[in-house]
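Me: I have a model open and want to learn how to read it. Can you take me through it feature by feature?

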Amino acid sequence: MTDGANVQRTLVILKPDAVQRGISGEILARFERRGLRIASLRLLKVDRAMAEKHYEIHKGKFFYEDLVKVISASPVIAFVLEGPNAIAVVRAMVGATRPHEAAPGTIRGDYALVGLRNLVHASDAPETAESEIKLWFPSGLVAYTRDIEKWMSEDKAPS
Ligand code: CDP
Ligand code: MG
């Protein structure tokens, strides 16, 4: 295949339900197994101001207040994943917003039941990925490369 390696970065948050249920490692492992590179990672308790900034686009919606309260109730694990088409790849792995509509094999389809406890946030477009990465990792990412990278993300044969 030579459809070009459109390498992207995307922000993922394992919400409080994932950490409290003790399945954050399992979820992270799925992304690693897929071949995505962890470009940075942190565990943190989100305060109200941060939650409001992150969910700004949902302000005014009926679920907004619950959303802000739920994400700031207990620590989350936030990380940046990198790889070819990472934004769409991660969204597909996460599954539909409403877990009863999420396909089996997706994270929400395998582990979740209701919208407010759907375990994962993932950026939905290049613009949101960029602004969310800045919001959650204001001091930048950790620079490193993986020796195995070419076996997963090189989309052309060596010359
Ligand atoms: O997380 P995703 O991008 O799939 O969905 P969203 O439309 O950006 O909504 C953000 C979050 O709000 C969801 O992940 C749900 O936790 C919650 N939500 C909800 O509880 N009920 C809805 N009808 C829509 C969203
Ligand atoms: Mg969203």
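Me: Where is Ile 13 found?
Reply: This is a predicted model. Ile 13 sits in strand 1, which covers residues 7–14.

Me: Is Ile 13 buried or exposed?
Reply: Buried means under 20% relative accessible area. Ile 13 has a relative accessible area of 0%, so Ile 13 counts as buried.

Me: Which residues is Ile 13 in contact with, leaving aside its neighbours within four places in sequence?
Reply: His 54, Ile 71, Val 76, Ile 77, Ala 78, Leu 119, Val 120, His 121 and Trp 136. Take Ile 77: 64 residues separate it from Ile 13 in sequence, yet the C-alpha atoms are 5.7 Å apart.

Me: Now the sheet. In what order do the strands come?
Reply: Strands of a sheet pair through backbone hydrogen bonds, either parallel or antiparallel. Here 4 strands make an open sheet, ordered 2-3-1-4, with antiparallel pairing. Strand 2 (37–44) and strand 4 are the edge strands, since each pairs on one side only. From one strand to the next, the twist averages 20 degrees.

Me: How many bridges join strand 1 to strand 4?
Reply: There are 3 bridges, and the two strands run antiparallel. Look at Leu 14: it stands opposite Val 120 in strand 4.

Me: Which strands does helix 5 lie across?
Reply: Helix 5, residues 86–94, lies across strand 1, strand 3 (76–84) and strand 4. Its angle to strand 1 is about 35 degrees.

Me: Which residues lie nearest the centre of the largest pocket?
Reply: Tyr 55, His 58, Phe 63, Leu 67 and His 121, out of 26 lining residues. By class, the lining has 9 nonpolar, 9 polar and 8 charged residues.

Me: Which elements each supply at least two residues of that lining?
Reply: Helix 3 (48–54), strand 4 (120–122) and helix 7 (126–136). Helix 7 gives the largest share, 4 residues.

Me: What is the volume of the largest cavity?
Reply: About 40 Å³. The count is 1 cavity of 30 Å³ or more.

Me: Which residues line the largest cavity?
Reply: Lys 15, Tyr 55, Leu 67, Val 70, Ile 71, Gly 115, Leu 116 and Asn 118. By class, that lining has 5 nonpolar, 2 polar and 1 charged. Tyr 55 and Leu 67 also lie among the residues nearest the centre of the largest pocket.

Note on methods. Residues are numbered from 1 along each chain as its sequence is written. Chains are lettered from A and ligands numbered from 1 in the order in which they are written. This is a predicted model: local features need pLDDT of at least 70, side-chain atom pairs count only at pLDDT 80 or more; totals for chains, interfaces and linings use all residues. Side-chain values use heavy atoms; hydrogens and water are left out. Buried means under 20% relative accessible area, exposed over 50%, partly exposed in between (1.4 Å probe, protein chains only). Contact means heavy atoms within 4.5 Å. On a 1 Å grid over the protein atoms alone, a cavity is a set of points where a 1.4 Å probe fits but cannot get out, and a pocket is an open set with protein on both sides within 12 Å along at least five of seven lines; lining residues have an atom within 4 Å of a point. Ala, Val, Leu, Ile, Met, Phe, Trp, Tyr, Cys and Pro count as nonpolar, Asp, Glu, Lys and Arg as charged, and the others, Gly among them, as polar. Two strands pair if DSSP finds at least two bridges between them. Axes are lines fitted to C-alpha atoms, for helices over the stretch in contact, and angles run from 0 to 180 degrees between N-to-C directions. Grid points are joined across faces, edges and corners, and a volume is the space filled by probe spheres set on the points.
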